[in-house]
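Please keep the sequence and the model in view while going through them.

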Amino acid sequence: MSGRADRGTVKIVNGRYRPSGHFHYIDANTPIYDESGKLWGVTNPRDITHIHTYGGEAPFFEALKDGRLLGTKCENPDCDYVGTTYMPFRIHCPDCLARNTVVDLTKVANSTAVIHSFMVTERTGAFNTLPKPIKFINVEFDGVDTILMGSLAVGDPIIGQAVVPIFKTQDPTFTILDLSWVVKGTDASELPAGFSFG
Amino acid sequence: MIKFSERQLKIPRMCRPVYLVTGGMSKFGRALPEKRTEELVIDAFTEAARFLNLSPSELKSYIHSAYYGHFADHFGDQLLGEAVIHDRLGLDPLGNVGIKTGGATGGSTLWEAFKAVASGYSDTVLAMGWERMDEVPTDEGNHYIACAADKDWETPLGHIYTGYYAVMAQKYWQVFGKSEDSFRRTMAAIAVKNRGYARFNPHAHGAMKITIEDVINSPVVAHPLNALDCCLMSVGAACAILCDEETAFKLTDTPLRIDVAAGSHTLRPADRRDMEIPLLPNESSDQYKDLGERFPGGDRYPGFTGFLAARMAAYYAYRMAGVVDPTEDLDLVELHDAFTISDIQTYEDIGIRPYGEGRDYVESGDCYHTNPHTGEPGKLPANLSGGLIGNMHAVGATGIMQVIEVAQHIWNRWAEMHGDEKKWQAFGREKPADWKNLQVVGAKRGLAISHAGVGSHVTATILSHPDHQLERRA
Ligand SMILES: [Zn+2]
């Protein structure tokens, strides 16, 4: 984590952003020379904090801290695809564009989630906070029309392997990192710090 | 299961034909600190002018509007870079617009340029693409590329795009590749082929003389993909000039008829829903009935194994240009070989082979300049430029580079543009002693596929010699 003091935070007051603290830090640029001392260019340091709303997806990210996995479902009787269930959470039905109904898929996940595909890599980009190697998995559920991307915290990824969700119920980040997966049968003592079965 | 309306499946019918008259490219490299982007763009434009024996200012006098492909603003820390380039090319006050569709940016730029001429808005247009991925270190670059995934649902997971992509490769590997060693070797053969062809291309920066074992023994990126299975990350520029028929024949005796179509699919593979396979002209509705029996797990379409956007781009483009069977009707292709396995997936999406049988395009020897089994010319050579694996992937330029490479074969000028000692010297590269002329003899028609990431955008561009066009049914 950054050692910068007083990094910016934001509250919503009367429906408006109310930022406080520092949202950027200024560092001097530096020249880029070659061996002979000839100038080729400069560095341009940037340290900016962005503000981002989850809008209609906020319920999904908020529910993770309570150990619940929320999806959505089109319940518009006039929609040709009424009943389609989405995980990842979609605010609106992509067909009729009506607002979807939020559905709790925690039980469905616990009883039917299996690995659809996976990938293991030691490579990550800047700002990664997941332990390496990362075991990416895609999870399919009974009765859900889409396939969720996630990471497997405990166990070996195999296509068809049953998995269950785990949640960062302690010190949540309110990001997708609050959700992870373990192979079915994993003991609570094996979960990463701050995670529980919900 | 999702379905499309007939209106949505209408085959595009343009108001007038469009022709490609010339194109040019800069040197490509992993890092080119000796040049600003505008210098690379001017290199590409100058090559395009010289190709027609025109000065840059003579060629500029034809241009009526400009289309600029540049994907990653944040890499260059410059918004509206298009305005900078347009000014440096001295094209103000002509109208111009920036286009960005990830890895398909180059193809999409041609798509926009094509429509501008086809509609009658402009008689001559510039399609110019570039990318500059060398101004942040690789780690930060990986993060920036991962920003092209869903920022809330994917990017925080490792900040590594390969993670969102390779899950599809894994599924294809297990379902259609059946995790076989022989399939792994076929993947590796693509890397050997493309890096090998790159040796004969002075623009290329991924040239290597390697073996299948070298690919299989290279560092693992994400099983089954190793370092040598993956495309390059590049800096460079490429441009094309498109015209209406009258202007085209004024500029050259052999302008190439160009058709461009596009398809799309979800940014998150997670959002893909099942549907019936949209059929290409060389496929029948019953041929995929037993796909799930022959390849267990292969009955979910597009699932994680097919690129629907590529299928749709081919669906429209083949019918626009009159292509029935790409292997019979085309003489060469340039495909978006981001990874060896996605190259195989694309063979199926665009109908070179049926779904499940993509590997045969390589194993039969059809994809080579010279079929290694027979010593005869390959039936449909692929990526003689070296592709993204051997030549370059300077994102905004890639799709345009592919089209120029195909065009130079149809113009029968491949050797001139790739064999010139002076070009090798100017790029600071040594022409190999065993340099080989890869000109596809008698090439009349070709195809280029430009593809974004997990398949969010794909374009198909078909070039035809003006005297050898197929019968159009649209
Ligand atoms: Zn609906």
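**Notes on the predicted model**

1. In chain B, 65% of the 474 residues are buried. Chain B contains 19 helices and 11 strands. Its C-alpha trace spans about 60 × 50 × 50 Å along the principal axes.

2. The dimensions of chain B may be checked against a simple expectation. A compact globule with 474 residues would have a radius of gyration near 23 Å, and chain B, at 21 Å, agrees with this.

3. The largest nonpolar core holds 151 residues, and the members that touch the most others are A:F60, A:L69, A:F141, A:W181 and B:L242. Helix α12 of chain B, covering residues 308–321, gives the most to this core, with 12 residues. There is also a second, separate core of 28 residues, which includes B:V21, B:L52, B:A66 and B:I241.

4. Strand β1 of chain B, residues 19–25, is mostly covered, since 7 of its 7 residues are buried. β1(B) pairs with strand β7 of chain B (residues 236–243) in the antiparallel sense, over 6 bridges. β1(B) is also joined by 2 bridges to strand β8 of chain B (residues 256–264), again running antiparallel. The residue B:Y19 illustrates both pairings: its bridge partner in β7(B) is B:C243, and its bridge partner in β8(B) is B:R257.

5. Strand β11 of chain A, residues 163–168, is likewise mostly covered, with 6 of its 6 residues buried. In a regular strand, side chains alternate between the two faces of the sheet. Both faces of β11(A) are covered: on one side A:V163, A:P165 and A:F167 are buried, and on the other A:V164, A:I166 and A:K168 are buried.

6. Which strands pair with β11(A)? Strand β12 of chain A (residues 179–183) runs antiparallel to β11(A) and is joined to it by 5 bridges. Within this pairing, A:V163 stands opposite A:V183. Strand β13 of chain A (residues 195–196) also pairs with β11(A) in the antiparallel sense, over 2 bridges. Here A:F167 stands opposite A:S196.

7. Chain A supplies the protein donors of a zinc ion: the SG atoms of A:C74, A:C79, A:C93 and A:C96, which lie 2.2 to 2.4 Å from the ion. The arrangement is tetrahedral because the 4 donor atoms subtend angles of 104 to 116° around the zinc ion. Along the sequence, the donor residues follow the spacing C-x4-C-x13-C-x2-C. A:C74 and A:C96 link distant parts of the chain, being 22 residues apart. A:C74 belongs to the loop between β5 (70–73) and β6 (85–86) of chain A, whereas A:C96 belongs to the loop between β6 and β7 (101–104).

8. A final point concerns cysteine pairs. A disulfide is a covalent bond between the sulfur atoms of two cysteines. Over all chains, the count of disulfides comes to 0.

Terms used
Residues are numbered from 1 along each chain as its sequence is written. Chains are lettered from A and ligands numbered from 1 in the order in which they are written. This is a predicted model: local features need pLDDT of at least 70, side-chain atom pairs count only at pLDDT 80 or more; totals for chains, interfaces and linings use all residues. Side-chain values use heavy atoms; hydrogens and water are left out. A nonpolar core is a set of buried Ala, Val, Leu, Ile, Met, Phe, Trp, Tyr and Cys residues joined through side-chain atoms within 4.5 Å. Buried means under 20% relative accessible area, exposed over 50%, partly exposed in between (1.4 Å probe, protein chains only). Helices (H or I, at least four residues) and strands (E, at least two) are DSSP runs, numbered from the N terminus. Donors are N, O and S atoms within 2.8 Å of the metal (3.2 Å for Na, K and Ca); water is not among the atoms, so sites may look incomplete. Four donors count as tetrahedral if all angles lie between 85 and 135 degrees; four count as square planar and six as octahedral if opposite donors are over 155 degrees apart and all others between 65 and 115; anything else is irregular. Two strands pair if DSSP finds at least two bridges between them. A disulfide is a pair of cysteine sulfur atoms within 2.5 Å. The radius of gyration is taken over C-alpha atoms; the globule rule is 2.2 Å times the number of residues to the power 0.38.
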